[in-house]
Amino acid sequence: MTAPVLVPVRPRPGRRSLLAALLGVPFALSLAVVAGELAGSGGAAAARSLLVSVLRPELSPAFLVTTAEATAVTAAYAVAGMSVAVLLGVPGALLVSGVLTRRPVTRAVTVTGGRGLLALLRSMHELVWALLLLTVLGLNPVTGVLAIGIPYGATIARVLGDRLLDVPQAPLDALRAVGASPAQVLLHGRVPLAAASLVTYLAYRLECAVRTAAVLSFIGLGGIGFQIEIALADLRFERVWTLLAALVLLVVTVDRSSVRIRARYIV
């Protein structure tokens, strides 16, 4: 008995036209409403000025110095925040993965409790953390560093913990067979097997930290976002493009550096 052959059903041309009309008409109406609101509020003129200014970004020496300083501040916040995140994330990963615990009951309690705590810490966005810490600590660099480090540390702990568990079991069984302790299995088995994945993920989080640091600076912590806010308030759109170009250059630099590190030391 031959298997039945499935023939794809194609919509008829008339039905396709009707479907296109049903989707296209609401889309066109939505665009018309948005365009009308922009024109009425002066947003169209601002959007036009913003787009035109991309052709003549601010390149004066004085503003380039300001951009370089803002970029350095943003990078410093990102690196400091990631340092705190790694300090929190590595022990957190060992806790929620349970790789150092022998007793099943103890492992179940620590893993469940640890994952619940991490879920609580990373459930709030970095900007919410910044506003909360701003109330407690005031406007200072520690606020920005902790606003990045706490939620990022919780996320890193969860992801690194999963990647330490998601490794081939055969090499780990071989280590256990010769009497290796859980700590020795971790150091000589899990970490080397997961090293490339761990480094790749931490490099990605550093990129995210750069973007987060730029966003957090909008609340007055200094950096690229703070300078963009000033430029937008003064309608100096040509400065906005210069600052955005610096942010892109910083993210690309982090990405290329992580690729070189993986190529030289991991792969």
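Me: How many salt bridges does a search of the whole structure find?
Reply: The search finds seven salt bridges across the whole structure, and please keep in mind that this is a predicted model.

Me: What about Glu 58 and Arg 236, how do their side chains meet?
Reply: They meet in a salt bridge, with N to O at 3.3 Å. Glu 58 sits in the loop between helix H2 (43–52) and H3, while Arg 236 sits in the loop between H9 and H10, so the pair ties together parts that are 178 residues apart in sequence.

Me: And is Glu 58 buried or exposed?
Reply: Glu 58 is buried, because its relative accessible area is 14%, under the 20% cut-off, whereas Arg 236 is partly exposed at 29%.

Me: Which residue does Arg 158 form a salt bridge with?
Reply: Its partner is Asp 162, and their closest N and O atoms are 3.1 Å apart. Both residues belong to helix H6, where they are four residues apart, about one turn of the helix.

Me: Changing topic, how do H3 and H6 cross?
Reply: The axes of helix H3 (residues 61–97) and helix H6 (residues 141–165) come within 5 Å and cross at roughly 35°, and the crossing is right-handed. By class, their contact has 20 nonpolar residues and eight polar ones, with no charged residues.

Me: Last one, what is the phi of Leu 235?
Reply: Phi of Leu 235 is near 55°, a positive value in a residue other than glycine. Most residues other than glycine have a negative phi. Leu 235 is in the loop between helix H9 (224–233) and helix H10 (237–266), and it is exposed, with a relative accessible area of 59%.

Conventions:
Residues numbered from 1 in each chain as written. Predicted model: local features only at pLDDT ≥ 70, side-chain atom pairs only at ≥ 80, totals over all residues. Heavy atoms only, no water. Axes fitted to C-alpha atoms, helices over the stretch in contact; angles between N-to-C directions. Helix = DSSP H or I, 4+ residues; strand = E, 2+ residues; numbered from the N terminus. Left-handed = near helix turned anticlockwise from the far one by under 90°. Nonpolar A, V, L, I, M, F, W, Y, C, P; charged D, E, K, R; others polar. Buried < 20%, exposed > 50% of the residue type's maximum accessible area, 1.4 Å probe, protein only. Salt bridge = Lys/Arg side-chain N within 4 Å of Asp/Glu carboxyl O.
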